[in-house]
Amino acid sequence: MADPVHGGGLGMTSQRARERLAVRLREQGVEDERALDRIRSVPRHLFVDEALASRAYEDTALPIGHGQTISQPYVVARMTALALRGRRDLGRVLEVGTGSGYQTAVLAPLAIAVDSVERIRALYERARRLLATFRFAHLKLHYADGLEILGDAGAYDTVVVTAAVASVPEAFRDVLAPGGRIIAPVGGDERQRLVVLERDPQGRWIERRQDEVFFVRSLRGLEP
Ligand code: SAH
């Protein structure tokens with residue numbers, strides 16, 4: 001039976017469009033089948049304004065209001081694959097920058113638990129309503145400044161940052177458990193590099209620089 005929420009709108013067309021998108025992302029080098037499966041499963045058109053729904057399966061970032069964008073599918077898949085590489089799952093995830101909630105929906109079934117943080121209340125509320133329909137039991141959304149809060153030392157196995165930072169904040173390292181991994185776009189306003197920062201079991205930090213990306217910058221404080 002068709003699912004009125006997740007099958008609705010573009011229906012079968014969107015399923016085929018997602019298949020094509022996944023094929024394209026694989027051709028572009030995303031190798032992790034678990035990440036590609038999520039691209040196939042999550043109806044991205046639900047996460048953008050109805051007026052943009054017909055463009056939801058293009059490999060491009062799209063505006064979601066409040067000066068923010070839903071991330072480009074390639075980047076979502078790539079970050080997910082980098083976070084998964086060599087691991088059984090993502091463990092306990094902290095996502096900084098919920099935005100539309102699209103990447104949250106991609107990550108959630110690959111994780112043991114997810115805390116996702118958004119500083120713009122209107123986006124937080126919208127993502128909360130939409131993500132509730134997915135019934136991820138282990139997902140918690142927070143209206144908060146992700147550069148401020150963060151929780152206990154060693155609380156997370158994976159930290160995914162979806163807004164640009166000039167450097168990886170010390171606080172993100174503090175919340176990471178041994179063996180944990182941070183994926184963040186690091187750089188200036190114009191462009192950044194995806195940085196993978198890993199804390200090996202001996203507590204040493206290993207940093208790898210990956211693709212060039214473009215994200216909106218992270219900001220401090222809360223917005224209504
Ligand atoms: N992955 C999201 C990307 C959203 S854009 C998606 O696919 O929709 C980045 C988001 O990070 C924006 O919603 C922005 O408001 C949020 N953000 C920026 N700085 C933040 C901070 N300090 N704390 C929490 N969220 C932040």
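**The ligand and its surroundings**

Guide: An oxygen atom of the ligand lies 3.1 Å from a polar backbone atom of S71, where a polar contact is a pair of N or O atoms within 3.5 Å, and within protein one atom must be able to donate a hydrogen and the other to accept it, while residues adjacent in sequence count only if both atoms are side-chain atoms. Please keep in mind that this is a predicted model, in which local features need pLDDT of at least 70 and side-chain atom pairs count only at pLDDT 80 or more, whereas totals for chains, interfaces and linings use all residues. Residues are numbered from 1 along each chain as its sequence is written, and side-chain values use heavy atoms, with hydrogens and water left out.

Visitor: Which backbone atoms sit 2.7 Å from a nitrogen of the ligand?

Guide: A backbone N or O atom of G146 is 2.7 Å from a nitrogen atom of the ligand, and a backbone N or O atom of L219 is also 2.7 Å from a ligand nitrogen.

Visitor: How much of the ligand's accessible area does the protein cover?

Guide: On its own the ligand has 570 Å² of accessible area, and the protein covers 99% of that; such areas come from the Shrake-Rupley method with a 1.4 Å probe, and for residues only the protein chains shown count as cover.

Visitor: And which elements give two or more residues to the shell around it?

Guide: Those elements are β2 (68-70) and β4 (113-118), and β2 gives the most, with three residues. Strands here are DSSP runs of E with at least two residues, and helices are runs of H or I with at least four, numbered from the N terminus.

Visitor: Which residues come nearest the ligand?

Guide: There are 23 residues around the ligand, and S100, E118, D145, G146 and L219 come nearest, with a residue counted as near if one of its heavy atoms lies within 4 Å.

Visitor: Let's pick S100, then: is it buried or exposed?

Guide: S100 counts as buried because its relative accessibility is 10%, and buried means under 20% relative accessible area, exposed over 50%, and partly exposed in between, with a 1.4 Å probe and protein chains only. S100 lies in the loop between β3 and α4 (102-107), and a polar atom of its side chain is 3.1 Å from the backbone nitrogen of Y102.

Visitor: What about V96, where is that?

Guide: V96 belongs to strand β3, which spans residues 92-96, and V96 is buried because its relative accessibility is 9%. Between V96 and R119 there are 23 residues in sequence and 9.1 Å in space, C-alpha to C-alpha.

Visitor: New topic: what caps the N-terminal end of α2?

Guide: The cap is D32, which has a side-chain oxygen 2.8 Å from the backbone nitrogen of R34. Within helix α2 itself, residues 33-41, the buried residues include A35, L36 and I39.
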